Amino acid sequence: MSRFLSEVHDPRALDPEAPDPGRGPLGVLLINLGTPDAPTPAAVRRYLGEFLSDPRVVELPAALWQVILRLFVLTRRPAAVAPKYAQVWLDRGSPLLVHSQDLADAVAASLRDRGLDVRVGLAMRYGRPVLADALDALRAAGCGRILAVPMYPQYAASTTATAVDAVNAHLARLRHQPTLRFLDRFPTADAYVDALHRAVRAHWDQAGKPDRLLLSFHGLPQQSVRQGDPYFRDCHQTARALRARLGADGDRLHVAFQSRFGAAPWLQPYTQPTLESWGREGVGTVDLMCPGFLADCLETLEEIDMGCREAFLKAGGRAFRYIPCLNADPDWARDFAALIADNLAGWT
Ligand SMILES: C=CC1=C(C)c2cc3[nH]c(cc4nc(cc5[nH]c(cc1n2)c(C)c5CCC(=O)O)C(CCC(=O)O)=C4C)c(C)c3C=C
Ligand SMILES: [Fe+2]
Ligand SMILES: [Fe+2]
């Protein structure tokens with residue numbers, strides 16, 4: 001018995017004229033974070049247990065963190081968070097999964113429209129669809145060349161690097177590994193920033209311009225950035241690129257960071273306190289967009305569109321308008337497919 005997977009015992013393997021197994025269709029694997037299977041405490045506990053045990057996500061000594069995680073976090077947080085998931089849950093499931101799947105399907109259709117022989121898979125770093133299964137499915141479809149695309153425009157070790165690690169860890173078990181590429185960050189790609197710009201303009205055409213436009217990115221411990229994570233810079237690069245496209249209206253744009261977890265200092269300014277101080281100052285209308293999230297999820301729909309809306313209005317703000325994530329917007333899906341096709345160059 002071999003320690004490697006995929007021992008296929010191909011009867012033609014010793015035939016020198018056998019087809020090249022590395023030259024089937026191209027594979028594209030979109031990878032998002034992961035989400036519970038159901039809005040229940042048990043499912044949220046399983047999800048958080050896997051997610052928060054990743055040493056790329058919580059960088060405390062494992063023995064210490066596992067005690068805190070199991071004694072304090074996993075005993076309380078699932079019951080507190082499950083009802084929040086229930087508030088945003090869709091008929092088809094968790095919003096993060098539904099929107100990610102719709103985008104993957106739209107990208108696949110666009111790539112095929114471009115005449116490419118590709119298979120597109122969707123995987124989650126934690127939970128389902130299981131990343132290893134999605135990679136195996138691409139291999140089973142004959143993909144000898146795979147482009148993996150973590151669905152994060154801005155690079156963070158806790159999101160991008162752990163997805164890259166997981167792909168490599170699975171392939172470490174194969175005898176014949178596919179050729180791999182990664183599209184690991186695209187904070188200023190035209191496809192992406194133009195799509196953000198169109199979303200803002202479409203919203204303003206319909207609702208009018210706000211006093212301020214807040215871009216809220218997911219937070220990260222400051223320590224991670226001090227130790228070399230490019231995330232903070234990537235977020236500000238995205239903001240700068242969008243500000244340039246907005247021209248004179250770019251002055252309305254501000255940046256903040258949401259979803260702080262734990263007691264250590266995270267990237268600042270924090271989203272909710274920023275909105276509260278604006279409310280108190282008399283800033284009337286705020287538009288809020290979460291450009292770091294390609295798919296709407298708990299962190300955008302509940303924390304921002306519900307929690308931050310309420311906090312801003314309570315502090316004295318007049319109107320809070322949430323601009324949804326790009327999700328499976330057809331123009332964005334087409335341009336994202338073009339960006340992916342660029343990264344397949346030389347293979348096509
Ligand atoms: C140490 C904790 C966390 C770090 C670091 C972190 C970074 C990070 N996360 C995202 C994107 C998402 N996070 C989501 C949920 C979520 N994130 C954390 C903690 C950290 N994130 C927790 C505990 C949770 C679960 C919800 C909760 O208990 O509050 C999600 C949404 C998932 C969903 O099911 O909808 C996304 C997406 C990024 C981009 C990032 C670093 C840049
Ligand atoms: Fe997170
Ligand atoms: Fe959160």
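1. Residues are numbered from 1 along each chain as its sequence is written, and chains are lettered from A and ligands numbered from 1 in the order in which they are written. The model is predicted: local features need pLDDT of at least 70, side-chain atom pairs count only at pLDDT 80 or more, and totals for chains, interfaces and linings use all residues.

2. Ligand 1 is surrounded by 23 residues (C-beta atom, placed from the backbone, within 6 Å of it). The closest are Thr35, Ala156, His218, Cys297 and Leu298. Helix 2 (62–88), helix 5 (157–171) and helix 10 (298–314) each give two or more residues to this shell; helices are DSSP runs of H or I with at least four residues, strands runs of E with at least two, numbered from the N terminus.

3. The UniProt annotation "binding site", from an unreviewed entry, covers His218 and Glu299; such annotations may be inferred rather than shown by experiment.

4. His218 is found in strand 5 and Glu299 in helix 10.

5. Leu220 lies in the loop between strand 5 (212–218) and helix 7 (222–226). Leu220 and Ser158 are 62 residues apart in sequence and 8.6 Å apart in space, C-alpha to C-alpha.
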